Amino acid sequence: MISINQLYIYPIKSLSGISLQTANTVDGGFEHDRIMMISEPDGTFITARQFPQLLKLQASIMGNDVSVSLPSLEKICFNLDEFSENNEPTEVWGNHFTAQIAPIRVNQFFSHFLQKDVQLRWVGHNLTRRTKRYPQIPVSFADGYPYLLLNQASFNYLQQQCPAKLDIQQFRSNIIVDGALPFAEDGWKTIKIGEVVFDIVKPCTRCVLTTFNVNTTEPLPNNEPLKTLSYFRSDLEGNINFGMNMIARNHGTVSAGDKVEILERQPANSYVKNFPKEEANNYQSCIISFENTKFEGNNQQTLLEQFEQHHISLPYSCRAGVCGRCSVLLKEGQVKSLTQSGIKPDNSILACSCIPMSDIMIKLLK
């Protein structure tokens, strides 16, 4: 029998999650899930992708009362009624809506922790944000959709393939199911859990946030688990997918142990299978020339990882070959791409997705 193994909510986007035995579906997602978010003063969202130390903060919520604890055990408590009544422009992944701003003392608490001016925002009682492709469905501060489902068997399969030790909480799902075959969820279209019917709308595209150890906030070596996922979960557009985004048709309660009923199925996405061949002792050094800098690199790590080890700054966001921010121009030499989109016809390459195969010279794009 397929059933609910674990339930999680994340009251403040990018902070640590809270394990629940029972969760209620409301407008926007599970009750209290991602109803607050840290932002720039202009309303642009901030996440643990840029500030992984946020993963160490512990948030709790009871009714309208919220508390947040730092690793130092310093704590702040506040009430949602303290937020401004004004609806201020807010943005998540190009999605524009409004939210309410926390009082100054709360904003100062987070600004001091991050060492930059930030604000805490709350979605308010009346959500103005809507789900992409489903304008009738409200959503809180989640990346795109109200619910994220993960299959324990799929995670177990990934762990068998991945050399790094993983924690299922790296994937920040709301619902973890057990009792299904690995990646059976790819073929689900509509499911029922308890009294709630969910529609699965798309696979979840993964980003750099999954590469951080949720306890230490340090990045895992070799861009794992994205590197391993890229071998068997890259779709035809080069997106790396793991887990399923969902919307709910009705309000209700779901609990750990509830049976998962598959009401309707759909064809599964096609994925490129590109597992590397095992090669013994194939480590080779190479010279990497970048602008006015040269250093000894290797044919095992991505260019972005090697830049970081040599304290060379390069803009990036997803680290998964999706956003394109780490594009550079390959002037000389050869590289191997870990994703379909890593090498472009104009000889630009993605530093997060390419490994040098010889001495190379690269430059910034003009």
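This is a predicted model: local features need pLDDT of at least 70, side-chain atom pairs count only at pLDDT 80 or more; totals for chains, interfaces and linings use all residues.
A search of the whole structure finds 2 cavities of 30 Å³ or more. The lining of the largest cavity is made up of 12 residues. Among these, Asn 223, Arg 319, Leu 338, Thr 339 and Cys 352 lie nearest the centre of the cavity. Sorted by class, the lining of the largest cavity has 5 nonpolar, 5 polar and 2 charged residues. Lining residues come from both domain 1 (3-265) and domain 2 (285-364), and the largest cavity therefore lies between the two domains.

The second largest cavity is lined by Phe 97, Thr 98, Val 123, Leu 127, Thr 128, Arg 129, Val 139 and Ser 140. The lining of this second cavity comprises 4 nonpolar, 3 polar and 1 charged residues.

The search of the whole structure gives 16 aromatic pairs. In one of them, the ring centres of Phe 155 and Phe 171 are 6.2 Å apart and the ring planes stand at 75°; because planes over 60 degrees apart count as edge-to-face, the pair is assigned to that class. Phe 155 has a relative accessible area of 8% and is buried. Phe 171, at 0% relative accessibility, also counts as buried.

Another pair is formed by Phe 295 and Phe 307, with ring centres 6.2 Å apart and planes at 75°, so this pair is edge-to-face. Here too the pair links distant parts of the chain, 12 residues apart. Phe 295 is placed in strand β22 (residues 293-298), and Phe 307 in helix α4 (residues 303-309). Phe 295 and Phe 307 are both buried.

Ring pairs also build a cluster, in which Phe 155, Tyr 157, Phe 171, Phe 183, Phe 232 and Phe 242 are linked. The edge-to-face pair of Phe 155 and Phe 171 thus has both of its members in this cluster. A contact between a charge and a ring is found at Tyr 271, where the charged end of Arg 233 sits over the ring at 4.2 Å from its centre.

Several backbone features were also recorded. The peptide bond from Glu 224 to Pro 225 is cis, with omega near 5°. Pro 225 is in the loop between β17 (196-205) and α3 (226-232). Positive phi values in residues other than glycine include those of His 32, near 75°, and Trp 93, near 50°. His 32 lies in the loop between β4 (29-30) and β5 (36-39). Trp 93 is in the loop between β9 (88-92) and β10 (95-101). With a relative accessible area of 38%, Trp 93 is partly exposed.

Arg 130 is part of strand β12 (residues 130-131) and, at 34% relative accessibility, counts as partly exposed. The C-alpha atoms of Arg 130 and Glu 308 are separated by 37 Å, and the two residues are 178 residues apart along the chain. Gly 124 is placed in the loop between β11 (119-122) and β12, and this glycine is buried, with a relative accessible area of 6%. From C-alpha to C-alpha, Gly 124 and Thr 44 are 17 Å apart in space, against 80 residues in sequence. Arg 172 counts as buried at 9% relative accessibility. Between Arg 172 and Asp 199, which are 27 residues apart in sequence, the C-alpha to C-alpha distance is 19 Å.

Note on methods. Residues are numbered from 1 along each chain as its sequence is written. Side-chain values use heavy atoms; hydrogens and water are left out. On a 1 Å grid over the protein atoms alone, a cavity is a set of points where a 1.4 Å probe fits but cannot get out, and a pocket is an open set with protein on both sides within 12 Å along at least five of seven lines; lining residues have an atom within 4 Å of a point. Grid points are joined across faces, edges and corners, and a volume is the space filled by probe spheres set on the points. Ala, Val, Leu, Ile, Met, Phe, Trp, Tyr, Cys and Pro count as nonpolar, Asp, Glu, Lys and Arg as charged, and the others, Gly among them, as polar. Domain bounds come from an automatic or database domain assignment. Rings of Phe, Tyr and Trp (its six-membered ring) pair if their centres lie within 6.5 Å; planes under 30 degrees apart count as stacked, over 60 as edge-to-face and the rest as tilted. Buried means under 20% relative accessible area, exposed over 50%, partly exposed in between (1.4 Å probe, protein chains only). Helices (H or I, at least four residues) and strands (E, at least two) are DSSP runs, numbered from the N terminus. A charge sits over a ring if NZ of Lys or CZ of Arg is within 6 Å of the ring centre and within 35 degrees of the ring normal.
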